[in-house]
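Hi everyone, thanks for coming. I have one structure to walk you through today, so let me put it on the screen.

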Amino acid sequence: METNFFKQVAQMGIAGDLQITIRTGADGNWIVSVLLNNKGCGDNAKQVIPPLILKGSAEELDIGFFGSITPPLQQTSELMVNMEAYLKAQEEAKKQSAMEKEKADKEKKEKEAKEKKYTEAMKKADELEKEGKHREAWMKVPDVSEYPEHEETIRKRKSELSAQFAPDLFRVDAPDTQTAQ
């Protein structure tokens, strides 16, 4: 005897394992329990989905079995696939969020380190100026290209310092007084 049971199951296009339990009930009727289990779905909410329960005579089940189970099983299958896709997307979002946070933290640390270096250089320039070493102080003031956000301050500071070491024509060791021969 040939049946087309498995062809009809294949045509449903569901993802997962189909668990079917068939039991004889009272007064000659049959009780059929159909449960779809998709092991690929990591969401525990799938455990809440109850099995389909069909009751009827053998003739009734032969006629209406696939018509009764196909739509709900297809919906359940789609739901489980979507649940898994959602979990994967959520996990990816967590990774991206962690990566962005790590990137932001790294950028913040780099900016803080750069700002600290700038502040230290300016303090060193101030110390050298107090010692009367204006040329050395001028050399310690950071370059504008390294700190464009402090351009105005750097240019003003260098200008102030360079005004203090105007060329001295009578100093022997001053580099400005050496002439090419």
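Let's begin with who lines the largest pocket: helix H1 (5-12), strand E1 (17-24), strand E2 (30-37) and helix H2 (58-130) each bring at least two residues to that lining. Before going on, a word on the source: this is a predicted model, where local features need pLDDT of at least 70 and side-chain atom pairs count only at pLDDT 80 or more, while totals for chains, interfaces and linings use all residues. Residues are numbered from 1 along each chain as its sequence is written, and side-chain values use heavy atoms, with hydrogens and water left out.

A pocket here is an open set of points on a 1 Å grid over the protein atoms alone, where a 1.4 Å probe fits, with protein on both sides within 12 Å along at least five of seven lines; lining residues have an atom within 4 Å of a point.

So how much space lies in the largest pocket? About 370 Å³, taking volume as the space filled by probe spheres set on the points, which are joined across faces, edges and corners. The lining has 14 residues, and Phe5, Leu61, Asp62, Phe65 and Phe66 lie nearest the centre. H2 gives the most, six residues. By type, the lining splits into ten nonpolar, three polar and one charged; Ala, Val, Leu, Ile, Met, Phe, Trp, Tyr, Cys and Pro count as nonpolar, Asp, Glu, Lys and Arg as charged, and the others, Gly among them, as polar.

Staying with H2, there is a kink of about 55 degrees centred on Gly64, the bend being the angle between axes fitted to the seven residues ending at a residue and the seven starting there. Just after H2, Gly132 has a positive phi of about 85 degrees.

Now the sheet. Three strands form an open, antiparallel sheet in the order E1-E2-E3, where pairing takes at least two DSSP bridges between two strands. E1 and strand E3 (52-56) are the edges, each pairing on one side only.

E1 and E2 are joined by eight bridges; Thr21 stands opposite Ser33, and Gln19 has Leu35 as its bridge partner. Five residues separate these two strands in a hairpin, and Asp27 in the turn has a positive phi of about 50 degrees.

Definitions and conventions. Helices (H or I, at least four residues) and strands (E, at least two) are DSSP runs, numbered from the N terminus.
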